[in-house]
Number of protein chains: 2
Amino acid sequence: MIKQWDTVAVVGVGLIGGSVGLALRERGLAEHVVGIGRRAASLRKARQCGAVTRTTTSLARGVADADLVVVCTPVGNIVSQVLEVAEACPPSALITDVGSTKQHIVEALDRALNRPDPRVRQEVGRATFVGSHPLAGSEKTGPAFARADLFVDRAVVVTPTRRSPPAAVRRTIGLWKSLGANVVEKSPQAHDQLVAAISHLPHLVASALATATPPRDICLAAGGWRDTTRVAAADAELWKQILSDNRGHVLKSLDSFETVLATFREALESDDQDRLLLLLEAGKQHRESLGN
Amino acid sequence: MIKQWDTVAVVGVGLIGGSVGLALRERGLAEHVVGIGRRAASLRKARQCGAVTRTTTSLARGVADADLVVVCTPVGNIVSQVLEVAEACPPSALITDVGSTKQHIVEALDRALNRPDPRVRQEVGRATFVGSHPLAGSEKTGPAFARADLFVDRAVVVTPTRRSPPAAVRRTIGLWKSLGANVVEKSPQAHDQLVAAISHLPHLVASALATATPPRDICLAAGGWRDTTRVAAADAELWKQILSDNRGHVLKSLDSFETVLATFREALESDDQDRLLLLLEAGKQHRESLGN
């Protein structure tokens, strides 16, 4: 079997980065996977679980031979780290990221790395960047939770722009397909609007619900509270960056949510049971369109 | 082994009623379990899975020999059905229910069945009622999902009042303990306040969140949306009755939730990242006090 990549560098070996490494290794798609991180313990863990073949704390050294670099660091660090990667990696390399927001990241990197018209791109230049976001993950963090099948049958959004070189877009899509994912192409803006609705607002709501529950009552909470608030246990710093970065779209999703919430309030205040039933049936119908 | 009960009648053989029957049978606690329901298909299913030893569609015939009657019907039917049970069952019988709200149900049934001072209760009288609510269950309904261990290590709230005969309260607590549950005693009002916070508000929020999500985006929803909206798939008619019956407490819980939501909105609108982080950390801390 011909390896798809010779050397892949993964910047940030947490749940997603570790799973990218594991999946590439288990599927025989990469000869070398270099894990780049700041904490020796995480790097050791990533080596132990087979997610990477070698590790380094030096970004420049880690990406020096890479033909693919996947940046898996928190949203707030991605732009600066991709720029640093682009300085140090071979000019033929493809750089992608897995950030949960795309608009600001892709705009900044397009401006810095991709030419206005990708058709006149010169052969000798700098590495190219295409944004990605796997809609997989959990409230768990760290390489200990990495799984080779994390992306199988899960959606990965790839966010090309007019500045993205078509070959780089094809390679990015090919990467995620080779890990088993269903790839969806969206503009960075359409992506951010989507994830505001299906991920960022649910996170905010789960967190607000957990906070609003009197601590003395939580020990008696059953399955409903448990499920509804689960994601609130995720890393607060990571989610601060995500919500802040995407706050325009999140606020619009919050508007929609508060409108529905206000109709629930009205139905309860007036004890309008017919309306309450219609509201609950709408929620049930939306929920059931997804399955368990 | 001495059976704890000779004949137990279960009114409504859905998830909870079926699980009560299964648990009593598997633990050898009841000689006979009579399943009472309106739909032949559910009654047949309950017989097939071993939750009941016989079934009937006649409430009066079903409870005629019962020393314990557990009413597992939707909240809106409980008062009238318990009154009907009390007319037809032996005067020594204990009646309890599993309704998700307690204040209105217990008030009405106390007035009708229990004497103002239970110490002067005459030997020959009517059956007594004590309210219960197992904090177990799921968005699934029907006897097919019944499990003998549904109550093991789960909380069951028993809601005695000043009118509840102490012996009946002891028997009710003993019932749930014998099925493996952790019994918590609360006043009906304290119960309703509790479940508004840990169950009814989360349900309303999950439903509103599902409805607020654009249908075209739902197919891409990942774990966060999936968990946060799961309970919205539950039976809308049942939940209409619950939310309507407990709307006073649910509206107060909604106030608390909206207050937290408003602070999230302010933090996003002003991009106050320090405040956003504090809010997310509070949600994480509340959520982690429960565990997975």
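**View 1. The cavity of the predicted model.** The structure, which is a predicted model, holds one cavity of 30 Å³ or more. Rolling a probe the size of a water molecule over the atoms shows where empty space is left. The space in the largest cavity amounts to about 30 Å³. Its lining is made up of His203(A), Ser207(A), Ala232(A), Ala234(A), Asp235(A), Ala236(A) and Trp239(A), together with Leu280(B). Two elements of chain A, α7 (188-212) and α10 (236-245), each give two or more residues to this lining. By class, the lining residues comprise five nonpolar, two polar and one charged.

**View 2. Helix α12 of chain A against helix α10 of chain B.** Two packed helices are described by the angle between their axes and the distance between the axes. For α12(A), residues 273-288, and α10(B), residues 236-245, the angle is about 130 degrees and the axes lie 9 Å apart. The two helices are therefore oblique to each other, and α12(A) passes α10(B) in a right-handed crossing. From α12(A), the contact involves Gln273(A), Leu276(A), Leu277(A), Leu280(A), Glu281(A) and Lys284(A). From α10(B), the residues in contact are Ala236(B), Glu237(B), Trp239(B), Lys240(B), Leu243(B) and Ser244(B). The contact of α12(A) with α10(B) contains six nonpolar, two polar and four charged residues.

**View 3. Helices α4 and α5 of chain B.** Helix α4(B), residues 78-88, packs on helix α5(B), residues 103-113, at an angle of about 25 degrees, with the axes 10 Å apart. Angles under 35 degrees count as roughly parallel, and α4(B) and α5(B) are therefore described in this way. The crossing of α4(B) with α5(B) is right-handed. On α4(B), Ile78(B), Val79(B), Val82(B), Leu83(B) and Ala86(B) take part in the contact; on α5(B), their partners are Ile105(B), Ala108(B), Leu109(B), Ala112(B) and Leu113(B). This contact has 10 nonpolar residues, with no polar and no charged ones.

**View 4. Helices α11 and α12 of chain B.** Between α11(B), residues 247-269, and α12(B), residues 273-288, the angle is about 150 degrees and the axes are 8 Å apart. Helix α11(B) is therefore roughly antiparallel to α12(B). These two helices, α11(B) and α12(B), cross in a left-handed manner. Helix α11(B) contributes Thr263(B), Phe264(B), Glu266(B), Ala267(B) and Leu268(B), which meet Arg275(B), Leu276(B), Leu279(B) and Leu280(B) of α12(B). The residues of this contact fall into six nonpolar, one polar and two charged.

Key:
Residues are numbered from 1 along each chain as its sequence is written. Chains are lettered from A and ligands numbered from 1 in the order in which they are written. This is a predicted model: local features need pLDDT of at least 70, side-chain atom pairs count only at pLDDT 80 or more; totals for chains, interfaces and linings use all residues. Side-chain values use heavy atoms; hydrogens and water are left out. On a 1 Å grid over the protein atoms alone, a cavity is a set of points where a 1.4 Å probe fits but cannot get out, and a pocket is an open set with protein on both sides within 12 Å along at least five of seven lines; lining residues have an atom within 4 Å of a point. Grid points are joined across faces, edges and corners, and a volume is the space filled by probe spheres set on the points. Helices (H or I, at least four residues) and strands (E, at least two) are DSSP runs, numbered from the N terminus. Ala, Val, Leu, Ile, Met, Phe, Trp, Tyr, Cys and Pro count as nonpolar, Asp, Glu, Lys and Arg as charged, and the others, Gly among them, as polar. Axes are lines fitted to C-alpha atoms, for helices over the stretch in contact, and angles run from 0 to 180 degrees between N-to-C directions. Angles under 35 degrees count as roughly parallel, over 145 as roughly antiparallel, 65 to 115 as roughly perpendicular and the rest as oblique. A crossing is left-handed if the near helix is turned anticlockwise from the far one by less than a right angle, and right-handed if clockwise. Contact means heavy atoms within 4.5 Å.
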